[in-house]
Amino acid sequence: MNPDREPSAASGPPLLQLRDIARSFGVVHALSGVDLDIRAGEVHALVGENGAGKSTLIAICAGVHQPDRGEIALRGRPVRFGGPADAEASGISVVYQELSLISDLDVAQNIYLHREPRRGRVFLDGGALYAQCRDLLRRVEVDVDPHARVSSLSVAQRQLVEIAKALSRDAAVVFMDEPTASLTSVEQEYLFGVIARLRAAGTAVVYVSHRLDEIFRVADVVTVLKDGRPVRTMPAGATDHDEMVGLMVGRELANDLYPPRPKGVVERDPEVLQRGPEVMERDSDSASGTHPGPRLSVRGASSPGRIRDIALDVWPGEIVGLAGLIGSGRTSLLRAIFGVDPEAQRAVFVDGQPVAASPAAAIRAGIGFVSEDRTTEGLALDLTN
């Protein structure tokens, strides 16, 4: 827990209480015997490996799935949600890891879908809708045009709209499932500020993330899940990174989480890096032992309105990071290299051999691409595994 924060004011009976929750999908036991107490004005983090049951637990609390066993109580009263609408009406809101926005609608229409202001109970009040949306976006500090079509927004902007949509309901409990997955460090700070304001206003926040530094930054209480079962619930300030990882994986980790760099990695002189890739064409036989030059070379990467004349070299065994704010061109550069962007111009070489501007050619040359929007661009959802 961040030592600079005020301690949680959460006290009294739980706002949301789960007892002996179980859920199976066929032979897979996603949850088994989960107990959880969520209090008003408290940030409760759920951590665990992939498949630990975190998202399934959120789906049950949101009315998406029904538990096979167990009880849920909200404000001390037993509840059973027939669907997401029931959960939302009861004061539970969710920021999903997989965005639930409708691409063909604009920002305001998405945020207030099925809750649009009306004139005389029949006619949509468009003026009130967009005024209401502008006020909400201003309050939650999301810099997006209410009239902008969601399909025109970046993934990070869509994530911020998803957060604004959840906060628009003035919920008593807000679940956040990997909310920073698509956000830059600046936008993450904005989100942490939103969480702090929710906490101060008495809202309960359930926060899911694989980034443990975020957990210690925002959480008051942490529950560790493993294989669908709760391992331990504890104050965030009563544990540390190593203990939490050990609870998640079920064993104590050795001190080789970050092993030494392998031999053969080309070390770049910082002064050479500042002078640009043109001076990096050096004989690296003695350093790498395999290739006389960069494994990947990019020259003149440009795309109208996005990137301009970018050059890049990646040497054998090297990891190159691309940093920048939203709109700086990071994604556009990767799409140009992989040949996804038909408007892009670039010269790409793998081991000195030119690679044509198409995904098929990139794949044949050994280039892989994990897209920013993996659901829309990375999968053919109608096909099997």
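Trainee: In which sense do β13 (residues 296-303) and β14 pair, and over how many bridges?

Mentor: Two strands pair if DSSP finds at least two bridges between them; strands (E, at least two residues) and helices (H or I, at least four) are DSSP runs numbered from the N terminus. Here, β13 and β14 are antiparallel and share five bridges. Leu-296 stands opposite Val-314 of β14. The model is predicted: local features need pLDDT of at least 70 and side-chain atom pairs pLDDT 80 or more, while totals for chains, interfaces and linings use all residues. Residues are numbered from 1 along each chain as its sequence is written, and side-chain values use heavy atoms, leaving out hydrogens and water.

Trainee: Which strands stand at the edges of the sheet?

Mentor: The sheet is open, with four antiparallel strands in the order β14-β13-β15-β16. β14 and β16 (353-355) are the edge strands; each has a single partner, so one side of each lacks a neighbour in the sheet. Neighbouring strands are turned by 20° against each other on average, direction ignored (axes are lines fitted to C-alpha atoms, for helices over the stretch in contact; angles run from 0 to 180 degrees between N-to-C directions).

Trainee: Which strands does α11 touch?

Mentor: α11 packs on this sheet, touching β13, β14 and β15 (345-350), where contact means heavy atoms within 4.5 Å. The direction of α11 makes about 70° with that of β14.
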